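Hi,

Here is the structure I promised to pass on. My notes on its pockets follow below.

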Amino acid sequence: TEHLTKIRTDGYAVDLEEYGYGIICFAAPVFDYTGKVIGSVGTSLSLIDENAESMMNIKGPNIQQVAKEISIQLGYMETGK
């Protein structure tokens, strides 16, 4: 679907008030040394002090970076795909 394509392109998923009003969530996959997804890293934040657009521009890439760092510690190596 279009939503899954965007997640693959961005490297993280966003839940904008799907669970509850004023809540935004981010998640990114964690890979093992074989390149298999073995888990994820996620966070939920309140939209009270910031708007969704500014959070998506900063927090999404941040959570993706955390997941990448964990993956590297597990032996994952990017292939440049």
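Which element gives the largest share of the lining of the second largest pocket? Helix 1 does, with four residues.

Before the rest, some housekeeping. This is a predicted model, so to speak with its own rules: local features need pLDDT of at least 70, side-chain atom pairs count only at pLDDT 80 or more, and totals for chains, interfaces and linings use all residues. Residues are numbered from 1 along each chain as its sequence is written, and side-chain values use heavy atoms, with hydrogens and water left out.

A pocket here is an open set of points on a 1 Å grid over the protein atoms alone, where a 1.4 Å probe fits, with protein on both sides within 12 Å along at least five of seven lines; lining residues have an atom within 4 Å of a point. Volume is the space filled by probe spheres set on the points, which are joined across faces, edges and corners. Helices (H or I, at least four residues) and strands (E, at least two) are DSSP runs, numbered from the N terminus.

Back to that second largest pocket: its volume is about 190 Å³. H3, K6, I7 and D10 are among the residues lining it, as are M56 and N57. Besides helix 1, strand 1 (13-16) and helix 2 each give two or more residues to the lining.

The largest pocket comes to about 640 Å³. It has 22 lining residues, and R8, G11, P29, F31 and Y76 are the closest to its centre. Helix 1 (2-10), strand 2 (23-31) and helix 2 (52-73) each contribute two or more, with helix 2 giving the largest share, four residues.

Cheers
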